[in-house]
Amino acid sequence: MSQFNRGSAGRGAPRGRGDTRGRGGGPPGGRGGAADRGGGRGAPPSRGGPPAGAGQQQQFQGGDRGRGRGSGFYGAGPRGGAPPAQRTPVATGPSAVQPTPTQVTISPNVKALGVKRRAFGTRGTSILLDTNCFDTKIPEGIIYHYSEFSPSVTNKGLKRDLFRKVQALPEFLQASGEKKGNYDGESQFFSIVSIGDECQFQLQDGRKAYTIRLKRVAELNPLLLHEYVEGKRGHESGVTAILSACNIAIRMGLMEKYSLFNRNSFFIPEAEVGRFKDRKYDGLELVRGFFQSIRPVMGRMIVNVDVSTGVVIKGGPLIQIALGFLRQTNVQALSNLIPKDKTALERFLRGFKFVTNDSPDARPGRVLPTPELHYANNSSVKPQGGSWKTGKFFIAKEVKGWVVINLSGWPNMEVPRIAEDLKRSCVAQGMRWTNNPPISFERNPMSDPEVVINEAIAEHKKRKIDPNLVLIIIPDDGKDLYYKIKHIGDVKLGIATQCLKASKCAKGGRDYSTNVSLKINAKLGGTNVVLKPADAKFLSDQPVLVLGADVMHSRAMGEEGLGRPSFAAVTGNIDMACCRYVGVGRAQRTRVEMIQDLEGMVLQIINEYKAANPGKKPFTSVVYYRDGVAENQFETVIKEELPKIRSNFFPADPSTADRTGNAPAGTVIDSVITSPVEFDFYLQPHAGLLGTSRPVHCNVLVDDNMFTPDDLQQLTFNLCHVYARSTRSVSLPAPVYYAHLVCSRANHRYDPKGNFSLDAPAPRSLQKEEAERRLQEFIKAFQPLHRNTQSVMYFQ
C-alpha cells in the first residue's frame with residue numbers, strides 16, 4: 001500500500017472551488033469567479049525578490065539572499081512597493097542554477113514524517129525552470145521563545161498595538177538591550193536576547209490599564225535547522241518551532257506596514273487590480289497582495305513568494321455600500337428587506353475571505369513522457385500540449401430512453417435542436433441511442449422539479465421502457481433548482497440527470513455537445529478513455545485499487561460555522577484500468593480534517609470493486625491519494641487514517657515553454673527545492689489555458705509498494721489523463737478530483753424540503769449544546785445514495 005498526500009506547495013490559502021469544474025452544464029456559477037476560484041491570472045513577483053518590505057527584519061542576522069537587491073534577514077525586493085504586474089524574463093547565470101543532486105545524503109538514523117527519500121527520479125527530458133523561491137540564510141545565535149498573555153484582551157488588533165507600545169517602554173528597552181523582537185499578534189514572542197525567565201509590564205492606554213506578561217518557554221538553537229537541511233536530523237519539534245519563529249519574523253514588519261492582511265497574505269489597498277463584471281458583486285473590488293513563507297529545502301533555506309489577490313469591500317459610506325450591494329437607490333429599501341436579502345446583506349458586511357492566486361532562481365527539472373491513451377477499436381492518441389481530440393468511447397453505454405425538460409423560462413428555446421445536437425454528438429462517440437424521440441416537457445422555473453420529473457418518467461413508461469437519462473435545461477441562476485434536481489436523481493430515483501444552463505445550450509456548438517457527452521457516458525457507467533498498458537505498467541501488471549480522498553469544510557467561520565458538519569469523500573476505481581470510479585460521502589464533525597468513517601467508506605468501495613469484477617483476481621496493491629492535509633497533520637494521517645485502510649514552475653528558456661509561457665505538462669522537480677529528508681516532489685501535470693499554471697506538492701507518507709521516484713511520478717501524471725469529463729490532462733490525479741466533486745455534491749444529499757440549508761448562516765447566539773444538537777441533526781439527515789447511483793460516476 002502507498003499513501004500519497006497532495007499537500008500545499010508553500011502557499012497560503014487553499015485552492016478555492018467554483019460551483020463546478022465541467023463545461024457541459026453543472027450547477028450555475030460555472031467555474032466560479034476570481035473571488036471564488038483561486039485561479040485567476042495575477043502576476044508573479046519580480047525575480048529581484050519579494051515586494052518591498054517583505055521579509056525585512058533586522059534582529060535575526062542573515063545577510064544577503066544572494067539574489068535581488070535586498071538586504072537584512074530575508075531581504076527586501078525591488079524598491080517601490082507592490083509587485084510588478086508582469087513577469088520579467090531572467091537570464092540565469094551559472095551562480096543562479098542549482099546543480100541536480102545525483103545521490104541522497106540523508107543520515108541513516110534520521111526519521112522522516114512519511115517516507116524517507118531513497119533516490120531521485122531520472123525519467124524524462126531535462127528542463128531548466130524558474131521558480132518563485134529565493135535563497136536565504138539560517139539565523140545564527142539562540143532565539144528566545146516567550147509566551148505572552150493578557151486575560152482582558154482578545155482583540156488581535158488591540159493586542160498588536162499594545163505590544164508595539166510595550167516594546168517602546170524604557171524598562172523593556174533596558175531588558176532587551178534596545179533590540180525589538182517579533183510578535184505574532186496572539187501569544188508568541190521571539191527575541192535574539194534574553195529578557196529574563198519571566199517579566200511583567202504595566203501599560204496605560206487611555207483610561208484603561210493593561211498588564212502584559214512574558215514567560216520564557218524555550219530556547220531555540222538554529223543549529224537544529226542547519227542539521228535538518230543537511231539531512232542529519234528529522235523534522236522534530238525544535239525544527240518546527242524555529243521555522244515558526246522565522247515566519248513570524250518575516251511577517252512582523254509587514255504587519256506594521258500594511259493594515260490589510262489575513263493569516264497568509266498582505267494586501268496593498270492602492271493596488272486595485274479589477275472589478276467584477278457581474279452586478280451581484282457590486283460593492284466589491286479586487287486588490288493585489290503577496291504571500292511569503294520560509295521553507296527548508298535541500299542544503300539551504302528559501303523564501304517562497306506568491307502573488308495574491310484579495311476581495312475587499314469598496315470604501316465609502318456604509319449606507320451607500322449596502323444600497324450598492326442590494327442594487328437599490330432608495331435608502332427606504334433598507335428598512336423593508338425580506339429575510340433572504342437581510343441575511344445576504346449581513347453576511348456581505350461581515351467581510352470576506354481572501355484567495356491566494358498565481359505563482360511566478362532557476363532549478364533543474366524534468367518533463368515526464370506523456371502516456372498514450374486508448375479508445376475503442378484499438379485506436380489511440382498521444383496528447384500534445386496537455387490536450388487531445390476524443391475518439392469513440394472505450395466502453396460506450398446505451399441511452400435506452402430519455403426525457404427532456406425545459407425549466408429555463410426562456411422563450412423560444414430550441415429544445416428539439418438542442419436534444420438532437422446532443423444525441424448526434426453522443427452517437428458519434430460510440431454511444432447507442434434509442435430511435436424514439438424523447439419525452440419533452442416545458443414548465444415554469446418555479447415548478448416543483450420532483451413533480452415534473454416524475455410526470456415525465458411516468459409518460460415515458462407508457463412506451464414500456466424505463467428512461468435512464470433525464471436532460472433538464474435550467475436558468476443560469478438556478479442554483480437551488482440544480483440542487484433539487486440532483487437530490488431527486490442521485491438519492492430518490494437513482495437515475496442519471498444532466499443539467500444544461502440555458503445560455504450555454506442555446507448557443508450550442510460541437511465542443512459544448514462533446515463535453516456534455518463525456519459526462520453522460522460516464523454517468524451511465526461507461527469508460528471514456530484508458531491508459532495504454534505499456535504506459536501504465538504498475539496498473540496493468542497487477543490489480544490495483546486507487547483511492548482519492550478529501551474533506552470539505554463549511555465556508556462559514558467562527559460562530560457562523562457552529563452546528564455545520566464537514567463532508568468527507570473517498571473515491572476508488574472498480575475497473576482494472578483504474579478509469580471507472582465510485583464515490584462515497586459522509587457528513588462528520590465540524591472542521592475535523594481526519595476522515596472519521598474511513599474504514600466503512602473504503603469497505604463500501606471494496607464491495608463495489610468485487611461486485612464489478614466477479615471471478616477476477618482481487619487487487620493486490622492500494623494507492624491512496626489524500627488531498628488537503630497540512631504538513632503538521634501528516635503524522636495524524638499516518639496514525640489515524642492508514643490503519644483504517646489496512647483493516648508552480650516557469651521555464652528559464654522561453655523556447656521550452658508551452659503557448660501560455662508555463663512549463664510543459666508533465667514537468668516534475670524532486671530535488672533542490674524539495675524536502676531535505678522526505679520523499680516529495682512537485683508536479684505540473686496540466687497545460688495552462690490562461691495565466692499561471694500551479695503545480696501540486698506531493699508528499700509520500702507510506703510506501704509499502706516500494707515505488708521508485710520515476711514510477712510514482714509517472715503513475716501520478718498518468719492518472720491526470722483519465723478524468724472522464726475532459727480531453728485535457730488535469731491538475732490532480734482523477735480520483736482526487738472525483739473526491740472534490742463528491743464533496744461538492746454534499747448539499748444534494750439533504751432533502752430540499754427540509755430545514756438543512758448549508759448556505760444560511762447559523763444564529764450568532766447559538767450555544768455549544770445547541771450547536772452540537774444541530775450538528776447531529778445534520779449528520780443524521782445526510783441521506784444515502786440510491787442503489788442505482790452507487791455503482792456509477794453520478795458526480796460527473
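Guide: Start with accessibility: buried means under 20% relative accessible area, exposed over 50%, and partly exposed in between (1.4 Å probe, protein chains only). This is a predicted model, where local features need pLDDT of at least 70, side-chain atom pairs count only at pLDDT 80 or more, and totals for chains, interfaces and linings use all residues. Residues are numbered from 1 along each chain as its sequence is written, and side-chain values use heavy atoms, with hydrogens and water left out.

Visitor: How many helices and strands does the protein chain have?
Guide: Helices (H or I, at least four residues) and strands (E, at least two) are DSSP runs, numbered from the N terminus. By that assignment the protein chain has 19 helices and 31 strands.

Visitor: What share of the residues of the protein chain counts as buried?
Guide: The accessible areas come from the Shrake-Rupley method with a 1.4 Å probe; for residues, only the protein chains shown count as cover. The protein chain exposes about 34100 Å², with carbon and sulfur atoms supplying 50% of that area. Of its 796 residues, the buried share is 55%.

Visitor: Is D421 buried, partly exposed or exposed?
Guide: D421 has 21% relative accessibility. The buried class stops under 20%. D421 therefore counts as partly exposed.

Visitor: Which residue forms a salt bridge with D421, with the closest N and O atoms 3.4 Å apart?
Guide: A salt bridge is a side-chain nitrogen of Lys or Arg within 4 Å of a carboxyl oxygen of Asp or Glu. The count by this rule comes to 33 salt bridges. In helix α8 (residues 415-428), the two partners sit 4 residues apart, so about one helical turn separates them. The partner of D421 is R417.

Visitor: Which residues are linked with R417 and D421 in a network of salt bridges?
Guide: R417 is partly exposed, at a relative accessible area of 27%. The network of salt bridges includes R417 and D421.

Visitor: What is the N to O distance in the salt bridge of R589 and E772?
Guide: R589 is partly exposed, with a relative accessible area of 34%. E772 is also partly exposed, at 29%. Their side chains meet at an N to O distance of 2.6 Å.

Visitor: Are R626 and E641 buried or exposed?
Guide: The side chains of R626 and E641 meet in a salt bridge of 3.0 Å, N to O. This pair links distant parts of the chain, 15 residues apart: R626 is in strand β27 (residues 621-627), and E641 is in helix α15 (residues 634-646). Both residues are buried.

Visitor: At what angle do helix α14 and α15 pack?
Guide: Contact means heavy atoms within 4.5 Å. L598, E599 and V602 in α14 meet E641, K644 and I645 in α15. Axes are lines fitted to C-alpha atoms, for helices over the stretch in contact, and angles run from 0 to 180 degrees between N-to-C directions. For α14 (residues 598-612) and α15, the axes are 8 Å apart and the angle is about 35 degrees.

Visitor: Which residue's side chain joins that of H697 in a polar contact of 2.8 Å?
Guide: H697 lies in strand β31 (residues 696-703) and is buried, at 2% relative accessible area. A polar contact is a pair of N or O atoms within 3.5 Å; within protein, one must be able to donate a hydrogen and the other to accept it, and residues adjacent in sequence count only if both atoms are side-chain atoms. The partner is D680.

Visitor: With which residues is A419 in contact, leaving aside neighbours within four places in sequence?
Guide: A419 lies in helix α8. The residue is buried, with a relative accessible area of 7%. Beyond those sequence neighbours, A419 touches W402 and V404.

Visitor: What is the phi of K464, which is not a glycine?
Guide: Most residues other than glycine have a negative phi. K464 sits in the loop between α9 (449-461) and β21 (469-474), where K464 is exposed at 76% relative accessibility. Its phi is positive, about 65 degrees.
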